[in-house]
Amino acid sequence: MTNKHERLASPMPDVAANGLIDRRALLGRGILFVGAVGTGVGTSLNCAAAEPLAVDPWSMIPGVPIPAYGVPAKYEGKVIRTLTNPNNEPRTSQARTPHHLLDGTITPNGLHFVVARTGFPDIDPSKHRLAIHGLVKQPLVFDLEALARYPKVTRINFVECGGNSAQLYSKDPVQANVQAIHGLLSCSEWTGVRLSTLLDEAGIDPKAKWLLAEGADGPSMNRSIPIAKALDDAMIALYQNGERINPAQGYPMRLLVPGYEGNMNVKWLHRIKLIEEPVMAINETMQYTYQVSGPKIWQFFFPMEVKSFVTHPSPGLTLKGPGFYEISGLAYSGNGRIAKVVVSADGGKTWGQAALDAPVLSKALTRFRMPWRWDGQPVVLQSRAWDEAGNVQPTRADMFVERGEPRGNAGMGHMNVITSWAIDNKGEVKHVYG
Amino acid sequence: MSTGERLAVLIPLVLALGGAVTAMAADQPGLGKPVSEADLALWDMSIGPDGKGLPPGSGTPTQGAVIFAQKCEACHGKDGVGGTNAALANAPGKSDRTMALYVPNATTIFDFTRRAMPWPQPKTLANDEVYALTAYILARNKIIGENDVMNAETLPQVAMPNRNAFVSRYPEKH
């Protein structure tokens with residue numbers, strides 16, 4: 001155990017090239033500011049002295065009335081989703097989460113990503129019904145009032161579109177920010193009824209190996225889901241981050257199949273039919289299948305595999321000169337907890353282990369952090385994650401050995417390769433292939 | 001509360017709810033309302049790749065062409081080509097991935113069309129119209145002949161070009 005004086009006098013060593021600092025520097029002991037300690041004039045390595053502080057106008061008047069439902073500060077108007085179909089034309093709509101403008105791991109409900117075949121249906125919750133039928137002893141119908149009386153569970157899980165990060169299939173690096181590339185990913189605290197509870201009540205016929213989950217939306221989006229997953233950790237989710245599920249997330253109820261591709265987490269859920277074999281729905285044949293070498297088409301590729309990316313800095317977040325920065329980002333796996341994240345500032349030649357914010361939860365976003373002293377020279381930032389099942393996030397070379405170069409518009413999913421951000425000597429961040 | 005007291009409370013409750021919940025364990029809510037498959041018929045529109053669930057009715061590519069021009073062309077283009085939305089056929093000389101060339105079962109086209117199309121008025125097509133449109137799309141992709149009739153017997157038998165291309169990744173290896 002060192003005393004305070006010794007710690008201050010001994011900055012943490014770099015753990016990898018281009019200024020990556022040992023993650024223990026994040027423990028809040030002030031060790032990085034050795035140059036400022038004891039000088040008494042408020043100057044540090046890079047910063048000019050602060051101006052004298054005046055009393056601010058908002059400190060001299062009463063505040064604004066408290067609204068019945070709070071919204072973010074008016075200065076945060078740029079923290080919004082990007083929309084691909086704002087006028088709800090007859091095609092799929094996508095809304096992407098601005099991960100470069102958020103921190104932590106929970107996505108605010110209004111910023112959760114959306115992929116919808118039309119807009120969201122305006123469902124009257126008092127008239128909504130959930131039917132469970134097919135290979136069961138007794139078909140049953142539930143309303144919201146009944147479901148409210150069932151034992152519930154709360155869990156934090158990410159949901160990621162199977163097509164998230166598809167831009168990384170491009171032959172040349174797409175010039176886009178983290179929202180455009182990785183924004184079909186969000187994470188919430190979900191509360192609801194275990195699906196197994198309701199299936200037990202209906203009585204599962206042993207012949208049932210799959211179930212069909214269907215929404216009450218106009219296109220009646222539907223997917224086949226293995227019974228094994230339904231009995232493992234699937235939930236009829238009623239609440240999202242403590243309040244009723246957002247309309248675009250499936251109000252009044254959605255299926256949650258943690259770790260499985262987003263499309264299977266059927267929104268506006270109104271019917272579950274137990275069946276022997278998959279129905280080969282449009283969303284499990286035409287969409288969410290992946291053309292690979294062979295040529296073959298992968299189908300029923302469910303878990304979103306281990307992935308990470310740096311959110312800070314990232315394109316659009318220009319560095320303001322050399323000095324200390326925290327590199328941070330998100331890591332997750334549909335196969336369990338994140339075990340380790342490493343960060344590189346030299347395009348993958350040397351790596352340092354990142355700190356993980358606790359708690360590290362299964363099938364949930366994990367925030368990683370790495371202290372960094374930028375010397376103002378060009379660097380390439382990368383992150384790479386491992387999950388507790390031993391899976392490692394692939395390099396681009398690894399991925400294309402297995403999958404073959406993508407052809408046409410097929411094969412554009414389950415993309416989890418390492419993301420690279422190049423920073424030039426002006427501090428501007430660009431997407432590159434490392 | 002003793003077991004006897006709990007039963008005294010539960011038995012009238014169970015009786016009040018009718019026979020359906022009598023099989024439920026006393027520590028389970030048992031609040032699902034029994035329903036018959038017949039009462040779910042309007043909702044139960046899923047169709048298996050073997051044709052299970054296909055309704056009565058039939059249609060031909062020629063009949064489908066007329067309906068397509070009225071209800072589909074605005075988004076999918078004339079003859080299913082060059083529209084603002086997904087092309088359903090290839091222009092001469094092209095071999096892009098269309099729904100009919102890609103999906104492994106013809107039943108999927110019927111199922112999707114019936115539940116989701118046309119985009120502004122889903123679930124308004126009559127079953128004969130859905131058979132006819134499915135036949136039209138299959139014929140436009142040269143998968144069936146111009147005079148072939150699609151119905152509950154013939155549709156599941158259609159030899160789709162990609163029927164052997166799909167490989168299941170489930171159950172997954174961790």
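Chain A of this predicted model contains six helices and 26 strands, where helices (H or I, at least four residues) and strands (E, at least two) are DSSP runs numbered from the N terminus. Residues are numbered from 1 along each chain as its sequence is written, while chains are lettered from A and ligands numbered from 1 in the order in which they are written. Because the model is predicted, local features need pLDDT of at least 70 and side-chain atom pairs count only at pLDDT 80 or more, whereas totals for chains, interfaces and linings use all residues.

With 434 residues, a compact globule would have a radius of gyration near 22 Å, and the 24 Å of chain A agrees with this; the radius is taken over C-alpha atoms, and the globule rule is 2.2 Å times the number of residues to the power 0.38. The C-alpha atoms of chain A fill a box of roughly 80 × 65 × 50 Å along the principal axes.

Turning to the two chains together, 45 residues of chain B are in contact with 46 residues of chain A, contact meaning that the C-beta atoms of two residues, placed from the backbone, lie within 7 Å. The elements of chain B that give two or more residues to the side touching chain A are listed here.

| Element of chain B | Residues |
|---|---|
| β1 | 33–34 |
| α4 | 99–102 |
| α5 | 106–116 |
| β4 | 166–168 |

Of these, α5(B) gives the most, with six residues. Strand β17 (residues 296–299) of chain A is joined to β4(B) by three bridges, and the two run parallel; strands pair if DSSP finds at least two bridges between them. Within β4(B), B:Ser168 is the bridge partner of A:Gln299.
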